[in-house]
Structures are given as C-alpha cells and as structure tokens.
Amino acid sequence: PLHRGVPAIRVTSSSNDLLDSQVKEQTEKEELDRNQSSHRFPFWSLFSDSSPLTKYDATDNGFASDPFTVGTPRSRHRLTMLLLKSSLVVIVILALTGSFWWTLSISTSSRGHIFHSSRRLQELLVSDLWDIGELSFGTSRMKEIEFCPGELENYIPCFNVSENLDSGFSDGNEYDRVCRQGSRQNCLVLPPMNYKIPLRWPTGRDIIWVANVKITGQEVFTSGSLTKRMMMLEEEQISFRSASLMFDGVEDYSHQIAEMIGLRNESNFIQAGIRTILDIGCGYGSFGAHLFSEQILTICIANYESSGSQVQLTLERGLPAMIGSFSSKQLPYPSLSFDLLHCARCGIDWDKKDGTFLIEVDRVLRPGGYFVWTSPLINVQSSLRNKEKQKRWNFVRDFAENLCWELMSQQDETVVWKKTSKKTCYNSRKSGSGPSICSKVQDVEFPYYRPLQNCIGGMHSRRWVPIEERATWPSRSNLNRSELALYGLHLDELNEDTANYRIIVRNYWSLLSPLIFSDHPKRPGDEDPSPPYNMLRNVLDMNARYGGLNAALLEARKSVWVMNVVPTTGPKYLPLILDRGYFGVLHDWCEAFPTYPRTYDMVHAEGLLSLESSQHWRCTMLDIFTEIDRMLRPEGWIIIRDTALLIDSARVLTRRLKWEARVIEIESNNDERLLICQKPFFKRQP
C-alpha cells in the first residue's frame, strides 16, 4: 500500500517481506532505547505522559514517536511544559534560599520599618474593605439617620421615671439612672422650636433664651430654692441680673459661708485650700456663677427633671453641671475628690436611710474639707417649736460627729462642718458609735454607680492629704514628683503631655472656623484671624488622660471649662485630674452620658476609638457618634484624633449624621489623623 510521505513505487512481494522485517526490527530497537532512557533518567517519568498511545501519538509516517522528539506541535507543547515546571522548581528553591539569608542579615531597625509598612498596608486594606462593605450594602447602609420626634427634644437615655415606676422603683429611686437594653433611640435629636444659639460668655452667664430650655413661668416664680428665685422672666429671655437685690443675696450668702469657715470673705477660699466645690441641688447655678470670678470651680449635680431642670439651665448658662442622684448609688467620682460640698435647700433628707447619704458625702470629701448645709431644719427657734424637726436635726448633728466632722459654726439656717484631717479620730470613737471603716474590699476608689455603702470609705487611699497641706491654685495643677508617683507617673511624662497640648490647642483654635469646610485658598490659621477667646464655653473631653487639654486651654486663657471624662475601659487617671484642680467623671461610653441634649460647644476625643476597638467594640462607632450628636449644640464642633484607619472609618459615618467633616493630616505623626466636624443647625419645622 501507498504511505503518505513515501514516493509512489511498485513493491514486489519479496521486497514487501523484507520491509516488514526491517520495520519490526526498528520498532523493537526503539522500544529498547526508550526503556533504557527511562532507567537512565528517572525524573523524566515524573513529567511525561504515561498514557497508552493513541492514533494522535503517531507521526505522519504512521510510527509511534518519542515524546521528546522535537518537531511536531504536540512534542513542542510537552517540552514547553517540562521547561516551565523545571523553572518553577528552580525559582522556588532560589526564593527559599534567598529569603533565609535575607532574614539572617536584616537589622533590627529594618525589621521595624518593614513591620510598620506591613501594618500600614494592612490598615489600607481594611479601610478599602470597609468602604467596599459600605457600598455593598447600598443605600440601606449609607442612609442618613432620621430625626427624632418632637417629643424627644429633651431626651436622655437611661433616665425614664415612668418606666422605673412600672418596674417597682420608689422612695426617690425612680429618678435613678438605669441603662436598659435598647434604651437608645437611633435618631438625631432636633432642637426646640425657636431655638437660638446661646450668647457667648460672659453675657450668656446672665442671659439665656427661654426657648432653649424646658421651663414654665410658674416653675420660675414658685421655686423654693434660694438660687432658683434669682431670675427674671422676660419675653424671650431669662435674666440672672447681677445688679438685682436677689443677686446681692448670693454675694452676701457666699460672704457668710467664708466667715463661718474663718475667712475674711469668699476671695480667701483659694488660700484656705478650696478650689473644687460639689454643689448638690444647685438651683440654677448662681452660687457657682458668683464664685467663678474667684477661680473657684463649682460643679452642679441634681436629679433628672423632665421640666425646669436645674442641670439644663445651669449648663445653658455655661456653668459645669451633670445629672447625679444620692438616692441609692454612689456618685461616679473617686474617694477624696472635692474640697467643699454645698447643699442649699437641695431637697435631700440627710437623716434618712440611717445616714447613708452623709457617708457618701464623707467619701467624696477630702480630709480637712467642708460640708455646708442650708435648711429650715437647722433654724434653732423653729426646731424648738417642732419636736419632729428637732429630732431630725439632732440625728444629723450626732451622726456628723460620729463621722469625725467638726461643727465649726451655725448661723440662722446654715451650718458648716469640717472633716477631720487625722485618721486617728476614727479609732478614738466610742465602741459601736457611728459607721465602721470600710474594708479594703469595700473601699473601692473608682466606684461606678455602685450601691451606697454604710461604712466610711477613702481610708485606704494613698491620696489622704488634708487640703491645707496641698498646693493652692493655680500651683496645684502642677503636681510634684511625690504626688505623681502615686499614679506611677514621672514628672517628665506630665511635662511632655502639657507641652504637646500647648501645640495641639494652638492648632485646634486656628482650625475652628467654617472656612475649613470651604475651598478657601488660605489655611485658616495663617492669614485669617483666629476665633475669639470666648468662641467656646462648655467643652467635653471624652478621653481626658491626665487633663492635658484642660490645662492647655486654661493656660491659653480661653474662656472655657472642661468636663474631663475618663472611660471605664481605660487607665484610671481620674484622681490625678481631680487633684490637679480640674473636674472629671468616670463614664462608660457605651452608655448615655448623664446630661441633657445640646449642652456642649465642643467634644474632643483623642484615642477613644482605639480604646474602644481594643475592647472589641462593645458598642458600635455609630452608637458613640449618635450620643455625641445628642450632647452637642447646633453649630458645635467635634475633634477626633486617632489612627488613620479609624479616622477613615469615622469619616464615612459623618455623612449619615449630616456633619460637615474634613480629615487633616498630622505632619508629626503619619500614623494618626485629625477629623474636624461641625454639627449643622437644623431648625424644627412648625
């Protein structure tokens, strides 16, 4: 037969037999060569195809070809695959060898640089994934948060009197702070109808807008508190006139207290070691407003009130205040925190609950501190005519003596006690008289709404230092080495923190301008004038650390007071802040802060998001931001400083909250960024 590729010739039978014999011998020889090659090069078998021959494995001559014979497309393909596989093995071996020697030769600094770069790449990756995740949820995830109904304009989570009553709370406990599951409203609180931006300090201290607070004319004129009566209701304003006879009554009252302590007048409070005052049931803050000019920091605490709130009006005046109750739980302050406690017809029955309320006063009062109480119960002539009043007064007087308080003076309806400066007094009491001293287990220095204790606290604290032995203000703000050692800090650490915040405050102040959100060609701090010193008044620092922001603002002579908040999840430096002469409180930011809506001009949070993320986000970032929005006044500022990753995530959420926001790069630290936001003024529609 004819074969392709072979010339057409005629073949005889003898020639045909010879050809068959030659083909057979050649085939056997090739098979033998293949077997020998297979034994000589065993690696070929790993890459070659061992499948049986098919019709596609024959050459054009019809004979089986060697798989590695070059020339046909199939053989070239196999050769190429073999070379690729061989190259891959060589590359892997070289890479492993090179990586091993590179690891041995790398320096410590190089490792840190590589780790830093790797960490930065991880952060960028997570940030990108966050953005992708936000977009993947579509409009439902990125939808702006809706506004709350009008009846929630003074909404405070965790304070629900009707719900507490339904739960069985009574005897004043219905005003307690109870943070139930789902107590937050996922909405933005709108200001009341006709709301106006508060007047700047100090004008705003004496005049506030009626529409900004929830109070009626009846509540103004029928209030029983001394400082509550010192108001005049006009058409659109409530005026606390300094020229009125009633205001002169506050000045006379302050002068009387100073004399009862043994001072010439209230201007000598600082020399006596008095800097911080806790004003219980403060009325509308007139006592603290008067003492502010004497560099006395007075913080008002009062029960939650749905209308006519003492705390709301005090904050509206630009004075420190927060909701706090003595009914059943300890206050969120460390032991030995205040120089003076004041109660002028504050509505607390100090003789109730076996004197437990007085024990709590003793706990937060520093050694050598004062307790001032003004009440009709103290009036001697009135008590003599009323046996019940006399009995109640005798209980308070005797209980105070068993607390080692010295009765310094009693005039008309006011009495002043001084807490002992000596621990030996408690051991010299008669056996069985008065409350016992708390054990170390009971004496918790950082209580967070613990039940009231019936034992004397603060005795085991290393901060037991009489107020007369402390440095007076303003020297008190610069703690010495021995004082800092109580907190495990060195003087260099505090000085460095103070120096850093000097720069930070200067930069912040240059950025607090609406120009930051515009395409203004100039940077706000360069050529444009900085905001005035009194642009802000009420400032909330959500992660205060050592109180550095507070110190820098005062040093720069800004007309502010700062609510220094120490998170429950962070380092417990609240006693240090209080010992420096500032005010502060312990708080869990997964719960609502005990204040009314629209009470702060600026909210500052440095490192708070990192702190919460280290706790595996017990609540969402949106929960924290919604609470910030509730506390912030319209046109108020939010400054958040944190890692680049968290700032990028926070920037996405600001759109849902309707905040104007801009991210600022920090030249001195590439790992951190600054997020500056401003809350718009949304007016309620009629």
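**Loops, sheet, helix contact and cavities**

Pro202 is found in the loop between α6 (161–166) and α7 (203–206); helices (H or I, at least four residues) and strands (E, at least two) are DSSP runs, numbered from the N terminus. The model is predicted: local features need pLDDT of at least 70, side-chain atom pairs count only at pLDDT 80 or more, and totals for chains, interfaces and linings use all residues. Residues are numbered from 1 along each chain as its sequence is written, and side-chain values use heavy atoms, with hydrogens and water left out.

A cis peptide bond links Trp201 to Pro202, with omega about 5°. Trp473 and Pro474 are also joined by a cis bond, with omega near 5°. Pro474 sits in the loop between α15 (424–427) and α16 (481–485). Arg545 is a residue other than glycine with a positive phi, near 55°. Its loop runs between β11 (538–541) and α18.

Seven strands build an open sheet of mixed pairing, ordered β6-β5-β4-β7-β8-β10-β9. Two strands pair if DSSP finds at least two bridges between them. Neighbouring strands are turned by 20° against each other on average, direction ignored. Axes are lines fitted to C-alpha atoms, for helices over the stretch in contact, and angles run from 0 to 180 degrees between N-to-C directions.

Strands β7 (338–344) and β8 (365–374) pair in the parallel sense over six bridges. Leu341 has Phe371 of β8 as its bridge partner. Helix α12 (356–364) packs on the sheet and touches β7, β8, β9 and β10 (414–419); contact means heavy atoms within 4.5 Å. The direction of α12 makes about 135° with that of β8. Helix α14 (387–402) touches β8, β9 and β10, at about 20° to the direction of β10.

The axes of α17 (491–511) and α18 (548–555) come within 8 Å and cross at roughly 65°. Residues in this contact include Tyr501 and Trp509 of α17 and Leu549 and Leu553 of α18.

The structure holds seven cavities of 30 Å³ or more. On a 1 Å grid over the protein atoms alone, a cavity is a set of points where a 1.4 Å probe fits but cannot get out; lining residues have an atom within 4 Å of a point. Grid points are joined across faces, edges and corners, and a volume is the space filled by probe spheres set on the points. The largest cavity has a volume of about 130 Å³. Its lining comprises 15 residues, with Arg177, Ile323, Gly324, Ser325 and Tyr449 nearest the centre.

Terms used:
On a 1 Å grid over the protein atoms alone, a cavity is a set of points where a 1.4 Å probe fits but cannot get out, and a pocket is an open set with protein on both sides within 12 Å along at least five of seven lines; lining residues have an atom within 4 Å of a point.
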